[in-house]
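Please walk me through this structure in plain terms, for someone who has not seen it before. A few parts looked at closely will do, along with some figures for the chain as a whole.

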Amino acid sequence: MSNTLNLTLQIWRQEGPNAAGRFETYEARDIPDDASFLEMLDVVNENLIEDGKVPIEFPHDCREGICGTCGVMINGRAHGQEKGTATCQLHMRKFSDGDTIAIEPWRAAAFPVVKDLVVDRSPLDAVIEAGGFITAPTGTAADANETPIPKEAADSAMDAAACIGCGACIAACPNSAGQLFTSAKLWHLNSLPQGQPERFKRTEAMVETMEQFFGSCTNHGECSEACPKEISLDFIAYMNRDYIKSKRVNRKLAGQR
Amino acid sequence: MVLDSKVPEGPLAEKWDSHKFNVKLVNPANKRKFKILVVGTGLAGASAAATLGELGYEVEAFTFHDSPRRAHSIAAQGGINGAKNYRNDGDSIYRLFYDTIKGGDYRGREANTYRLAQVSVDIIDQMAAQGVPFAREYGGLLANRSFGGAQVSRTFYARGQTGQQLLLGAYQQMMGQVNAGKVKLHTRMEMLDLVTKDGEAVGIVCRNLLTGEITSHSGHAVVLATGGYGNVFYLSTNAMACNVTAAWRAHRKGAYFANPCYTQIHPTCIPAADEFQSKLTLMSESLRNDGRIWVPRDPDEKRAAKDIPEEERYYYLEEKYPAFGNLVPRDVASRNAKTVVDQGLGVGPLKNGVYLDFAAAIERDGLDKVWERYSNLMEMYERITGEDPRETPMRIFPATHYTMGGLWVDYNLMTSIPSLYACGEANFSDHGANRLGASALMQGLADGYFVLPYTIGDSLAGKLGTDPVSTDDPVFADAEQAVRDRIDTFMSINGTRSPDYFHRELGKLIWNYIGMERDQNGLEKAIAEIRALREEFWKDLRVLGNSDTLNSSLEKAGRVADFFELGELMARDALDREESCGGHFRAESQTPEGEALRDDENFAHVSAWEWHDADTPQTKHAEELVFENVELTQRSYK
């Protein structure tokens, strides 16, 4: 059977986007170590409601580490100390009885706080909207096996496509840069045969949209460290190469019009 | 009202083609004159919104998530079926159709299911073109695997993240249309009511989850792609926010709710560890391809799994079903797991699971091969339980996963309310009483990409030249007021219990009485106890905070309130259906071997329920199922 933990939590509370925030201290008692981190917060919230206090808003949904909704700073680290693990998949057995845990929302100017631990990550959708797709209207597709893709290439595209869009890379970055997120989507699409026709248009549009919202990359590598899917830094290099190329290719294409 | 399924005449294989020819078309230049509201942006909703936008319609898409990419379609792991016959192993559209009808225990509509199998082929092409990184062979062609209940390899997959990759494909395609200005996307907007005028759907009322603002939206047609209702069980594999509210609000406005008792219990989930458990985690049943399921023969067994000798292990599926073994359909696998656990043979600290053992596969194919196939699932399992499945067998137990019931729709996917459509898991249509593995992604995309965009024109064509009903019309003001009143009620009850408390208690009732096995006595008790708990809910609910900010408790209260009414209808439907079929197992109706026993004479129909009010039981309307192509047989996987 599982053991239980008693913890002290310092949690960021903020009533709304324009309100001032502050840390509040809460005691979490008798938390089973088989519980997940978010289930621990569930218990805290149930107790708050019982005491007539407004519960803590925190982002979460699938609790399987795939939807990308969850994510908080745990003791200053995006998604906590476990490598390759989203907040919802972090379990209390990784903590010790008596620990003090600081819990904050994602830290990035591009992700303003909505309430408590919830932030607005809509810039991520804006980056995708700028070009993170392959234009293939429904009904136009040829037989799926007409375009063989070497297994290695498909696997590499999948490595990049595994990104869950949680924003931890940006929260972990000292510059709040969006390079890892953007480059993962670019490599997914740019490395596949289907993605070639729009490759450089996509790259230029997504990179420049990214730069409207996020800081600059200075190769700290904190993003990949924090990433629950352990997306590789290599994709940023591929993106930079494609971006430089895009400036030339897109001008050439424009000249042909 | 007589339910008209609008299934076209003619031979099965020609119905869809002839229907596509016969439905009314909207001229390309006129499509921009029609506005379509799509609620929900999972696989069905995003693919529908993208395709409708490409066709030229004005589309508004609504999601209550912060981004469409969060929809729970993303969590599907195993794969998507497509009758491509790339493996040359005897698959065909007809075989996929037949397997789906049979797997659904002959409670699905033949024509819908056949159409699903037909368009499955196009889905694979479409998603590959969209850049979905499906698994491939070294030659570069698509890989396939065999999946729960199938004897051919027709399942396409992207590691253990197929749902994620397909959803991202559909989401990206939709974002392309957002970029093109053809789809207007509303995030963090929850639909809280359907608006009808003269019996026809004309729009929706939404709450902005960040500001609490209540707004009206009108269109020529409303498409609900809002998923299933499995969260009525509280503990399920659904995401925390999954709910029935959009469909239920439509039901209360006149849309019939079909077969609510058809719920699917997935056999391979991680058993609950403690009382604070908030959800159950599913692991793809592709694991059953290589894992062997067993329990110790001795209920007092204390040894670790690997120390238990072969002859003291009970491989109950392999023994009882030699032809299918560990690959029997989900309902059979789930019920058998419950049987052995009820016999006291369960494993784990709470004795609430069975073993799923990879030792034989590792021995046969090597650890590397097995790891390549299942690494993400095994890592996930280890993260959650702290145990390494390479060294000790996984522990699994069934959990609620998918709901076959949903809004009744005709062949055009239109509900019993004109101009209101339902797609994907939100409708009832294609899986009968039980869904086969790798078919949910298929159906969501079939509806959104290849069915609705054709069929919706049929009702729109007649509206050419008419504007959507203005949101200044009193029907919208009335609906908005009702939504505001309901929110005010939640905020002002000032009781002592949280919405989660009531949800958890409701879930226990549903699991105990309307779970894997149902009987008359239990179902009657369920109705009485759900009603009593519902009364308590409306007296003792506590929602703190304000209604003009993000307030999860308030959101939850509305969803739980709807689950109460749904739960009661599930019990009523299960009580009415005095037979066992697929995911609905009535203890009174079983074969001498304990298998589900259908009653085709009296129950070969769809039960579609009509709402009256919260205190009057719904009225049942039956749509008789006609089987012209398959012979109804007792399902046997021996």
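In this predicted model, strand E12 of chain B pairs with strand E16 of chain B, and the two run in the antiparallel sense over five bridges. E12(B) covers residues 263-269, while E16(B) covers residues 394-403. One of the bridges can be named: Gln264(B) has Tyr402(B) in E16(B) as its partner. Strand E12(B) is also mostly covered, as seven of its seven residues are buried.

The setting for this pair is chain B, which holds 18 helices and 20 strands. Its C-alpha atoms fill a box of roughly 75 × 60 × 50 Å along the principal axes. A compact globule of 638 residues would have a radius of gyration near 26 Å, and chain B, with 24 Å, agrees with that. Of the 638 residues in chain B, 60% are buried. Contacts in chain B also reach across the sequence: among those between residues at least 6 apart, 74% join residues at least 24 apart.

Two loop residues of chain B deserve a look for their backbone angles. Most residues other than glycine have a negative phi. Asn85(B) has a positive value instead, with phi near 55 degrees. Asn85(B) sits in the loop between strand E3 (80-81) and helix H4 (93-103) of chain B. The second residue is Lys351(B), where phi is near 50 degrees, again a positive value in a residue other than glycine. Lys351(B) belongs to the loop that lies between helix H10 (330-342) and strand E15 (354-357) of chain B.

Helix H3 of chain A spans residues 151-161, and its buried residues are Ala154(A), Ser156(A), Ala157(A), Met158(A), Asp159(A), Ala160(A) and Ala161(A). What do the buried residues of H3(A) pack against? Within chain A, the partners are helix H5 (179-190) and helix H8 (234-256). Helix H6 (162-179) of chain B is a partner too, so the packing of H3(A) involves both chain A and chain B.

Definitions and conventions:
Residues numbered from 1 in each chain as written. Chains lettered and ligands numbered in written order. Predicted model: local features only at pLDDT ≥ 70, side-chain atom pairs only at ≥ 80, totals over all residues. Buried ≥ 20, exposed ≤ 12 C-beta atoms within 10 Å, placed from the backbone. Helix = DSSP H or I, 4+ residues; strand = E, 2+ residues; numbered from the N terminus. Contact = placed C-beta atoms within 7 Å. Pairing = 2+ DSSP bridges. Rg over C-alpha atoms; globule rule 2.2 N^0.38 Å.
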